[in-house]
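Here's a quick briefing to read alongside the model.

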Amino acid sequence: MVCCGAKKGGGRFITKILTFGLLWALIIYTVFQFKNFNLDVQIPHLNSRLLLQKKLDPLTRHADSTTESILDMEPYIDKSSPLTEDKMVEDIQNRAPNLPIVYWNKNKNKPMGFNNTCARFPSMFELEFNNLYWQTLRTSNGTFQLYGAYLDKRANNRLGPTVRILGMIDRIEPTVVTYCQFWFDGKKEPVIAKTFEYKYIWYKKWGNYKNGIYQPYLLACVIPQKYREKIPQSISLVEKQCDNATNNLRVIYEKPEKKKDFAVCVKGLDFLHEDLSVRLVEWIELLNILGAEKIYFYELQVHPNISKVLKYYENEGKIQVTPINLAGGQPNIPSFQHLYLTKKTNHKRQNELIPYNDCLYKNMYKYRYIALLDIDEVIMPIDGTSWKDLMENKVLPKALKINKEERASYNVRNVYFLDDLIHNHGWFKEIPRYMHMLQHVYRTRNFTKPGQYVKCFHNTEKVLTLHNHFPLSCLGSGCTSYPIDTADAQLHHYRADCVKTLKKSCEEFRKTSVMDTTIWKFKEPLVERVSKTLKNLGFFGPDLKEADKKR
Ligand SMILES: *[C@@H]1O[C@H](CO)[C@@H](O)[C@H](O)[C@H]1NC(C)=O
Ligand SMILES: *[C@@H]1O[C@H](CO)[C@@H](O)[C@H](O)[C@H]1NC(C)=O
Ligand SMILES: *[C@@H]1O[C@H](CO)[C@@H](O)[C@H](O)[C@H]1NC(C)=O
Ligand SMILES: *[C@@H]1O[C@H](CO)[C@@H](O)[C@H](O)[C@H]1NC(C)=O
Ligand SMILES: *[C@@H]1O[C@H](CO)[C@@H](O)[C@H](O)[C@H]1NC(C)=O
């Protein structure tokens, strides 16, 4: 039968195919093994030889040897012993500068207050906190979120020694009466005084002028005559004199023997997805060269690379970083907070006044001048290379010739160095491309109008509340401001584009750009410092970092 003959022949055929298939499989397997083998040899890795040995030695019991090495391994963990309570208190103080934790810890076993039913010193565990850094007072008409308290003993403060409390209140023109409970060292009872004023840190014409929205305020608690020479340790704000406080702020008062010259304050950094790390390095180094003795940053959310830069400079002692967030029911979730601040410009501006004024009050005894700058702005002297030279040899002599009294602020005119003004001209070959400011030396011919978008050196003896561009209120004879001659200094503003409100004149601005290489006088030290820092931080890869370490 055709069928059977075919079957017989078919059987042999199938065997042939099977044998052939098996051979193929063997070949492919062998090739695969060799490929792996080759790979192992090629990878320049310490373990490759070990792997090779295992592969070639079928007698090694792989599983066992792995178990053994895991059994022998010891992970690197932090083995320092747990903090003692005193150390923990110290740690808490560093994390929460506004909490009188040390004072409380010292006195926690003594009953403090008038008596059981009047003005007891609150335990730190009874305070009402809000979003980590704020403390709350709820009154019959408005809620207060308090951020910081500072002793103001400046000569120009006509009220005499005063504790200023910085915070936000969800009321415009608050009418509720409140009291300040001052706590002194070694005194069992608090000293109580009516709150002197709620100073609004905003103008109503700027918007957001509505009850229910948290508004920035500076409160004044004037120390009663009898206690003026004493330094209060902490303060609570209450609605009725005898109330048990739900807030208690450490009164910050750090006064060195002598003032330094310049500090810079930077509002809450909000660059979670924008890696401005390399630009930040150039900016910090340039300000440091110009004479900023310290830069005080506040931090909302930043990219990990920016964190790296900030940590590095904090260790060097050139900057200080304070974490901050938004009070009340405002969003603090990363990204979402950024979206909120982008869409709600007035809320953003109102919130910024907290870090600006906190920075002023923490540093008013430490520096003669404070400048509030963004990380794309530089106060650039035209001649000379330092802010000290600018102020002492140019600005002050001119200003004092007109009027013998020092001004509350000295303002610098704004001029744009827009990103695209350069691109027609290519790159400057002798300057690294990552030096953004050194590469961008074309600016608009015109400055923005006098008083518009300026930045100031604020005189710490004279300003009471600060806003981004000008002081909002001042001590003594009012908010005098001296406009620094554009021949002496200019505010370099490095942006992709003008601010939105200037869109129209921006087009005009662009048509006439001029080359301005004032910044090049810092080329050498700046390139050297920035490149060294970037290398140290590993921005050019681990190899360069290592090479630098060995040297
Ligand atoms: C507690 O102290 C307050 C303030 O000095 C006083 O008015 C009040 O009478 C005192 N109460 C008692 C029960 O002693
Ligand atoms: C509550 O405060 C607002 C403004 O701060 C004020 O207009 C209003 O009259 C106050 N209400 C009462 C009952 O005092
Ligand atoms: C303060 O707290 C104490 C103890 O809890 C209480 O007896 C007293 O009534 C409170 N004082 C006020 C004014 O609420
Ligand atoms: C720039 O300045 C010139 C001369 O002062 C002036 O005529 C011109 O209108 C200014 N341009 C803009 C856009 O302000
Ligand atoms: C910066 O961030 C990128 C993306 O996360 C990362 O690849 C790079 O290594 C970072 N640079 C440094 C110096 O850490």
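This is a predicted model: local features need pLDDT of at least 70, side-chain atom pairs count only at pLDDT 80 or more; totals for chains, interfaces and linings use all residues.

Residues are numbered from 1 along each chain as its sequence is written, and chains are lettered from A and ligands numbered from 1 in the order in which they are written.

- Seven strands make up an open sheet with mixed pairing, in the order 13-12-11-14-19-16-22. (Strands are DSSP runs of E, at least two residues, and helices are runs of H or I, at least four residues, numbered from the N terminus; two strands pair if DSSP finds at least two bridges between them.)
- At the edges sit strand 13 (319-323) and strand 22 (481-483), each of which pairs on one side only.
- From one strand to the next, the twist averages 25°. (Axes are lines fitted to C-alpha atoms, for helices over the stretch in contact, and angles run from 0 to 180 degrees between N-to-C directions.)
- Strand 12 (residues 294-302) runs parallel to its partner, strand 13, with five bridges between them.
- Within that pair, Y298 sits opposite T322 of strand 13.

- Strand 17 pairs with strand 23 (residues 489-495) in the parallel sense, over five bridges.
- F417 faces Y494 in strand 23, standing opposite that residue.

**The hairpin**

- Four residues link strand 20 to strand 21 in a hairpin.
- Strand 20 (residues 463-466) and strand 21 (residues 471-474) are antiparallel, with three bridges.
- T465 is opposite S473 in strand 21.

**Helix 6 against helix 14**

- Two packed helices are described by the angle between their axes and the distance between the axes.
- For helix 6 (residues 277-290) and helix 14 (residues 523-536), the axes come within 9 Å and cross at roughly 135°.
- The two helices, helix 6 and helix 14, therefore count as oblique to each other. (Under 35 degrees is roughly parallel, over 145 roughly antiparallel, 65 to 115 roughly perpendicular, and the rest oblique.)
- Their crossing is right-handed (the near helix is turned clockwise from the far one by less than a right angle).
- On the helix 6 side, V278, V281, E282, E285, L286 and I289 meet P525, L526, R529, V530, T533 and L534 of helix 14. (Contact takes C-beta atoms, placed from the backbone, within 7 Å.)
- By class, this contact has eight nonpolar, one polar and three charged residues. (Ala, Val, Leu, Ile, Met, Phe, Trp, Tyr, Cys and Pro count as nonpolar, Asp, Glu, Lys and Arg as charged, and the others, Gly among them, as polar.)

**Around the ligands**

- Ligand 2 has N141, R171, I172, E173, P174, T175 and N211 around it. (A residue is near a molecule if its C-beta atom, placed from the backbone, lies within 6 Å of it.)
- That shell splits into two nonpolar, three polar and two charged residues.
- Around ligand 4 are N446, S505, E508 and F509, which divide into one nonpolar, two polar and one charged.
- N305, K308, L537, G538 and F539 surround ligand 5, giving two nonpolar, two polar and one charged.

Methods
Two residues are in contact if their C-beta atoms, placed from the backbone, lie within 7 Å.
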